[in-house]
Amino acid sequence: MNLHEYQARARLKAAGIPVPDGDVASTPEAVEQIAQRIGGGVVVKAQVHVGGRGKAGGIKLAADPHEARMNAEKILGMEIKGLTVQKVLVVPAAEIASESYVGVIMDRTSQRPVFMVSPAGGVDIEEVAATTPEKIFKATVDPRFGILPHQAMDLAFHLYDDIAQVRQAATIMRQLYRAFVDAGASLAEINPLITTPDGRVLALDAKLAIDDNELGRRPDVAELRDLSVEEPSEVKARNASLSYIKLDGNVACCVNGAGLAMATMDLVKYYGGEPANFLDIGGSSSPDKVVAALEIITADPNVKSILFNIFGGITRCDDVANGIVTATGQITIDLPIVIRLTGTNEEIAVEILKRAGFEALTDMDAAVKEAVRLAGEAA
Amino acid sequence: MSIFIDRDTKLVVQGITGRDGSFHTKQMIEYGTCVVAGVTPGKGGQRFEDSVPIFNTVAEAVSEGGANASVIYVPARFAADAVYEAADAGVELIVCITEGIPVQDMSRLMPYLAERRVRLIGANCPGAISPGRAKVGIIPGQICREGRIGVVSRSGTLTYEIIHQLSAAGLGQTTCVGIGGDPIIGTNFIDCLAAFEADDETEAIVLIGEIGGTDEQQAAEYTAQHVTKPVVGFIAGQTAPPGRRMGHAGAIISGSSGTAAEKMAALERAGIGVMKRPADVVPLLEERL
């Protein structure tokens with residue numbers, strides 16, 4: 001789960017990191033009031049979960065509250081990479097002497113948090129890493145002790161010459177690490193970390209990506225989830241304990257297990273079709289889950305055929321078969337359904353489906369081919 | 001031979017009286033696994049199914065029950081501590097089935113296990129099975145058969161699909177290991193490749209990866225340098241969109257890194273037979289055996 005910039009900066013601020021004044025708003029009127037209170041020039045920043053907001057016109061400078069309001073009118077409601085801007089952050093226009101990058105990520109290879117800093121801040125750090133890797137400095141953190149003071153100082157010396165700024169930056173890194181741990185983050189980033197002409201070090205932007213596995217024990221973070229920026233069908237799926245991701249194709253896939261779900265999508269593509277979704281119905285396959293899955297799948301107008309691919313191990317094929325029969329009794333489905341079941345209680349499942357008028361296949365390739373063919377016919 | 005688990009595995013089940021723990025314990029016993037103990041705090045002194053002794057702690061399961069390996073089915077919020085407990089009790093192998101352990105907890109756990117030289121499989125994995133010998137975890141026994149192929153995978157049901165195809169073609173397995181779909185896991189591809197390479201009975205290896213991270217690329221490099229046995233590989237997620245978590249916590253393309261295409265290219269470069277679809281596993285292996 002990603003936090004909005006305004007949410008991330010609030011958590012950084014709570015950890016003691018100096019961030020500029022500012023507030024979030026969802027109407028141009030409120031933006032004008034915030035700009036009035038701040039005084040002087042302000043920046044209006046779109047709050048969406050994508051990079052490249054500036055290039056897309058989602059970040060605009062305003063000389064006064066009136067201009068801030070005009071900018072907010074343009075930004076609120078605009079679409080950036082498919083996401084509609086519903087909130088903007090209003091901050092004072094900072095005077096910037098230098099821009100750096102400071103971030104900490106959970107590194108999969110070392111299995112530890114890794115700090116990354118760069119004096120080349122304010123731009124996409126992946127680009128810096130690709131074009132000028134010598135400008136990136138790293139330190140691996142022992143998660144049992146956290147970032148050590150000397151590690152933070154060492155990194156900070158790569159950013160600044162002035163010892164007062166080095167000390168400020170090192171303190172910010174230790175505070176950022178605390179915010180990273182306290183939020184259950186997999187990434188915490190300040191880009192840019194700026195210096196002002198009078199020598200202060202400030203976090204001008206903030207990014208926090210949260211490990212979904214942390215949300216259960218961190219209600220203060222879980223409540224920051226913004227459902228309005230998510231695909232409604234994905235929210236519905238999550239509430240039904242289904243793992244669903246909407247795609248653009250027309251062959252809907254309903255599978256048990258994430259790996260098999262991905263492999264099924266890939267096989268749809270292999271046979272010339274396009275998957276409409278990723279959907280893992282999980283291990284237990286109660287009829288309720290199958291009903292929810294079918295409701296979500298059939299609400300997508302692009303879908304032209306539905307493919308079930310179930311490998312019965314722990315999941316019993318007869319449970320899924322019963323689920324399909326119950327579901328199709330509860331909701332009307334006008335789309336062709338191709339069912340592939342194999343494994344535990346396969347024979348019983350085939351019998352249940354046959355009685356309800358469904359044909360069941362046992363071979364994955366044959367089922368995928370058939371679903372692709374049917375989708376092609378309907379399109 | 002087999003890797004990691006065999007007839008000498010004496011298993012303690014952590015969470016033996018829970019819904020998942022009790023169901024799978026019955027399956028493991030039915031398969032012939034030597035389950036010597038169970039642990040549920042507060043239920044020490046009782047017996048599971050009138051036979052397996054239950055202890056309050058893993059330490060007792062080791063000292064009194066004689067366990068040398070543990071399998072964990074406890075809920076996510078207790079799972080990391082269950083791993084620490086097993087490590088402190090002195091078992092050699094811990095298999096953690098539980099899904100949902102936060103990655104920061106795993107990060108703190110890994111150096112602790114390394115200091116104690118304990119092997120962890122998982123978390124968020126289906127466990128391992130050495131057909132005809134022992135099963136630790138949830139891989140359905142009936143789809144496996146004894147044979148000469150080693151299987152290692154980040155997935156669950158996709159692994160079953162591929163094992164099923166192997167068994168149907170008469171290609172039995174020495175051991176099948178599900179290493180798990182989380183970003184930070186214990187035993188990785190390279191550990192399994194090294195163990196299969198060293199195992200006399202294993203003649204060829206099937207590696208099943210997916211998008212996210214660089215473990216498959218590292219496994220490919222390792223294979224090119226150290227593995228003499230034939231290896232075939234599959235990568236799931238060729239059609240996965242970037243930036244989205246595909247069910248498994250670790251299955252996510254970040255930026256332009258961790259795509260199926262780059263992993264398949266790395267396997268190819270290492271001389272590994274790359275399956276375009278699961279059904280390719282049998283012909284690709286037969287070409288190489």
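Predicted model: local features only at pLDDT ≥ 70, side-chain atom pairs only at ≥ 80, totals over all residues.
## The interface between the chains

Chain B contributes 58 residues to the contact with chain A, and 45 residues of chain A take part in return. The area buried between chain B and chain A is about 4,000 Å². Carbon and sulfur atoms give 56% of that area.

Polar and charged groups also meet across the interface. Between chain B and chain A there are 18 residue pairs in polar contact, and six salt bridges are found there. One of the salt bridges pairs B:E161 with A:R340, whose closest N and O atoms are 2.6 Å apart.

## The side of chain B that touches chain A

Several elements of chain B each supply at least two residues of the side that touches chain A: α1 (19–31), α4 (103–116), α5 (157–168) and β13 (231–236). Of the residues on this side, the largest share comes from α4(B), which provides nine residues.

Sorted by class, the side of chain B that touches chain A consists of 27 nonpolar, 21 polar and 10 charged residues.

## Domains of chain A

The domain assignment divides chain A into domain 1 (21–92), domain 2 (98–222) and domain 3 (231–378). Between the C-alpha centres of domain 1 and domain 2 of chain A, the distance is 26 Å.

## Cis peptide bonds

In chain A, the peptide bond that joins A:N191 and A:P192 is cis, with omega about 10 degrees. A:P192 belongs to strand β10 (residues 185–195) of chain A.

In chain B, a cis peptide bond links B:G122 to B:A123, and its omega is about 15 degrees. B:A123 is placed in the loop between β7 (119–122) and β8 (127–130) of chain B.

## Residues with positive phi

A:S241 has a positive phi near 60 degrees, although this residue is not a glycine. In chain A, A:S241 occupies the loop between α8 (232–239) and β13 (243–246). The relative accessible area of A:S241 is 51%; this residue therefore counts as exposed, as the value is over the cut-off of 50%.

In chain B, B:D50 is a residue other than glycine with a positive phi, about 60 degrees. The loop between β3 (47–48) and β4 (52–55) of chain B holds B:D50. With a relative accessible area of 73%, B:D50 is likewise exposed.

Definitions and conventions
Residues numbered from 1 in each chain as written. Chains lettered and ligands numbered in written order. Heavy atoms only, no water. Contact = heavy atoms within 4.5 Å. Buried area = accessible area lost by both parts, 1.4 Å probe. Salt bridge = Lys/Arg side-chain N within 4 Å of Asp/Glu carboxyl O. Polar contact = N/O pair within 3.5 Å; in protein donor to acceptor, adjacent residues only side chain to side chain. Helix = DSSP H or I, 4+ residues; strand = E, 2+ residues; numbered from the N terminus. Nonpolar A, V, L, I, M, F, W, Y, C, P; charged D, E, K, R; others polar. Domains from an automatic or database assignment. Buried < 20%, exposed > 50% of the residue type's maximum accessible area, 1.4 Å probe, protein only.
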